[in-house]
Amino acid sequence: MSAKFEWYTDDTGKYHFKMKAGNGQVIATSDSYESKASCLHGIESVKKNARDAEIVEEKSKANA
């Protein structure tokens, strides 16, 4: 089974999505979106941009 995106609305009517691995484990979650269209656009953006994303360590203020 391959990964999948699931979108949903919360109690306030905002839209969110989560990405699940093939085993059903949630591996990413989104912020909230005002509309379903924006949420679906966010999914498409992740699908497009994450494929070649670089992996870097975030520098904290203590490490800067």
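What radius of gyration does the chain have, and what would a compact globule of 64 residues have? The chain has 14 Å, whereas a compact globule of 64 residues would have a value near 11 Å. This is a predicted model.

**Overall form**

The C-alpha trace spans about 40 × 30 × 20 Å along its principal axes. Buried residues make up 14% of the 64 residues in the chain. Now take contacts between residues at least 6 apart in sequence. Of these, 16% join residues at least 24 apart.

The chain exposes about 5400 Å². Carbon and sulfur atoms supply 48% of that area. Charge comes next. There are 10 positive and 10 negative side chains. The centres of the two sets lie 4 Å apart.

**Order of the elements**

Read from the N terminus, the order is β-β-β-α.

**The strands and their hairpins**

Strand β1 covers residues 4-9, and strand β2 covers residues 15-20. The two run antiparallel and are joined by six bridges. Y8 has H16 in β2 as its bridge partner. Five residues lie between the strands of this hairpin. Among them, G13 takes a positive phi near 90°.

Strand β2 also pairs with strand β3, residues 26-29. Three bridges join β2 to β3, and these strands too run antiparallel. Two positions can be followed across this pairing. K18 stands opposite T29 in β3, and M19 stands opposite A28 in β3. The hairpin of β2 and β3 has five residues between its strands. Here G24 takes a positive phi near 90°.

| Hairpin | Residues between the strands | Residue with positive phi | Phi |
|---|---|---|---|
| β1 and β2 | five residues | G13 | near 90° |
| β2 and β3 | five residues | G24 | near 90° |

**K14, in a loop**

K14 is found in the loop between β1 and β2. Is K14 buried, partly exposed or exposed? Its relative accessibility is 25%, so K14 counts as partly exposed. The class of partly exposed lies between the cut-offs of under 20% for buried and over 50% for exposed.

Which residues does K14 touch, leaving out those up to four places away in sequence? They are Y8, T9, S32, Y33 and E34. Y8 is also the residue whose bridge partner in β2 is H16. K14 and K61 are 47 residues apart along the chain. Their C-alpha atoms are separated by 32 Å.

**I55, after the helix**

Helix α1 covers 36-49, and I55 is found in the segment after it. Is I55 buried or exposed? I55 has a relative accessible area of 83%, so it is exposed. The cut-off for exposed is over 50%.

How far is I55 from K20, C-alpha to C-alpha? The two are 20 Å apart in space. In sequence, I55 and K20 are 35 residues apart.

Conventions: Residues are numbered from 1 along each chain as its sequence is written. This is a predicted model: local features need pLDDT of at least 70, side-chain atom pairs count only at pLDDT 80 or more; totals for chains, interfaces and linings use all residues. Side-chain values use heavy atoms; hydrogens and water are left out. Helices (H or I, at least four residues) and strands (E, at least two) are DSSP runs, numbered from the N terminus. The radius of gyration is taken over C-alpha atoms; the globule rule is 2.2 Å times the number of residues to the power 0.38. Buried means under 20% relative accessible area, exposed over 50%, partly exposed in between (1.4 Å probe, protein chains only). Contact means heavy atoms within 4.5 Å. Accessible areas come from the Shrake-Rupley method with a 1.4 Å probe; for residues, only the protein chains shown count as cover. Lys and Arg count as positive and Asp and Glu as negative; His and the chain ends are not counted. The place of a charge is taken as NZ of Lys, CZ of Arg, CG of Asp or CD of Glu. Two strands pair if DSSP finds at least two bridges between them.
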